[in-house]
Amino acid sequence: GDSVTQMEGPVTLSEEAFLTINCTYTATGYPSLFWYVQYPGEGLQLLLKATKADDKGSNKGFEATYRKETTSFHLEKGSVQVSDSAVYFCALSDTMEYGNKLVFGAGTILRVKS
Amino acid sequence: DAGVIQSPRHEVTEMGQEVTLRCKPISGHDYLFWYRQTMMRGLELLIYFNNNVPIDDSGMPEDRFSAKMPNASFSTLKIQPSEPRDSAVYFCASSTPGQYSSDIQYFGAGTRLSVL
């Protein structure tokens, strides 16, 4: 079945450092791809999404590009802040296979130090 | 919109007791999902509904777990009897298909369950 693999954390960075969190997926169809973020004590919230190959999702300085040839959707940010400390989840949605069901990765903890 | 509302936010109970978690989805959303999050297993989908009908309950761990959606604005997840290994954060999420918003799930703040 479809699956999502994320780099293991925690990832610890200093403020203003460059961030990359790797995400690769396995899917039989043509999924949409997502990054969700979970701040401490809260539920998940959508950070960005891309629905087809070569699409770039962006929000709050974060970006990710849908790479069909490498089946990847890596999350990047040029300069992280302490407030970015959270858990980041990569996910895919294959409507043909699962309806509106999402397949989530294991999550990557990001810690940003001042 | 108030978003997805879950209650209670925290629940502490003793082993063997019945636990009921509640969820109010975003008005107009016709998909509702129940998830469980633990350190060991991460985020697991337990069950989801479409138009109040359960579509996939393959993630429900065992018969002690049951979920209902009696109407479009309310769902419950019940554990009877509860066990310490059920301790986790339970999330409810809702979504609606659409050209520009399909697949986006909106999560509640979660219920942190502790079974002693």
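Predicted model: local features only at pLDDT ≥ 70, side-chain atom pairs only at ≥ 80, totals over all residues.

Colleague: Okay, chain A then. In what order do the 4 strands of the open sheet come?

Modeller: The order is β3-β9-β8-β7 in chain A, with antiparallel pairing. Strands here are DSSP runs of E with at least two residues, numbered from the N terminus. Two strands pair if DSSP finds at least two bridges between them.

Colleague: Which strands stand at the edges?

Modeller: β3 (19-21) and β7 (56-59) of chain A do; each has a single partner strand, so one side of each is left without a neighbour in the sheet. Neighbouring strands of this sheet are turned by 15° against each other on average, direction ignored. For that angle, axes are lines fitted to C-alpha atoms, and angles run from 0 to 180 degrees between N-to-C directions.

Colleague: How many bridges join β3(A) to β9 of chain A?

Modeller: There are 3, and β9 covers residues 75-77 of chain A. Ile21(A) has Leu75(A) opposite it in β9(A).

Colleague: And chain B, what's the strand order in its 4-stranded open sheet?

Modeller: That one goes β1-β3-β8-β7 in chain B, with antiparallel pairing. β1 and β7 (65-71) of chain B are the edge strands, each with a single partner strand, so one side of each has no neighbour in the sheet. The twist averages 15° from one strand to the next. β7(B) is joined to β8(B) by 5 bridges, and Phe65(B) has Ile79(B) as its bridge partner in β8(B).

Colleague: What about β9(B), how many of its residues are buried?

Modeller: 8 of its 8 residues are buried. Buried means under 20% relative accessible area, exposed over 50%, and partly exposed in between, using a 1.4 Å probe and protein chains only.

Colleague: Which residues of β9(B) point which way?

Modeller: Ala88(B), Tyr90(B), Cys92(B) and Ser94(B) point one way, while Val89(B), Phe91(B), Ala93(B) and Ser95(B) point the other. In a regular strand the side chains alternate between the two faces of the sheet.

Colleague: Which strands does β9(B) run antiparallel to?

Modeller: β4(B) is one, with 7 bridges, and there Leu32(B) is partnered with Ser94(B). β11(B) is another, with 3 bridges, and Val89(B) has Arg112(B) as its bridge partner. β10 (residues 106-107) of chain B joins β9(B) through 2 bridges, with Ser94(B) opposite Tyr106(B).

Colleague: Switching topic: where are the cis peptide bonds in chain B?

Modeller: One joins Ser7(B) and Pro8(B), with omega about -10°, and Pro8(B) is in the loop between β1 (5-7) and β2 (10-13) of chain B. Another runs from Gln80(B) to Pro81(B), with omega near -5°; Pro81(B) is in the loop between β8 (74-79) and β9 (88-95) of chain B.

Colleague: What is phi for Asn51(B) and Asn52(B)?

Modeller: Asn51(B) has phi near 50°, positive in a residue other than glycine. Asn52(B) isn't a glycine either, and its phi is about 75°. Asn51(B) lies in the loop between β5 (42-50) and β6 (53-56) of chain B, and Asn52(B) lies in the loop between β5 and β6 too. Asn51(B) is partly exposed at 48% relative accessible area, and Asn52(B) is partly exposed at 28%.

Colleague: Last topic: what's the volume of the largest pocket?

Modeller: About 850 Å³. A pocket, on a 1 Å grid over the protein atoms alone, is an open set of points where a 1.4 Å probe fits, with protein on both sides within 12 Å along at least five of seven lines; lining residues have an atom within 4 Å of a point. The volume is the space filled by probe spheres set on the points, which are joined across faces, edges and corners.

Colleague: Which residues lie nearest its centre?

Modeller: Of the 37 lining residues, Gln38(A), Val87(A), Gln37(B), Thr38(B) and Met39(B) lie nearest the centre.

Colleague: Is Gln37(B) buried or exposed?

Modeller: Gln37(B) is buried, at 17% relative accessible area, and it sits in strand β4 of chain B. The side chains of Gln37(B) and Gln38(A) make a polar contact of 3.0 Å. A polar contact is a pair of N or O atoms within 3.5 Å; within protein, one must be able to donate a hydrogen and the other to accept it, and residues adjacent in sequence count only if both atoms are side-chain atoms.

Terms used
Residues numbered from 1 in each chain as written. Chains lettered and ligands numbered in written order. Heavy atoms only, no water.
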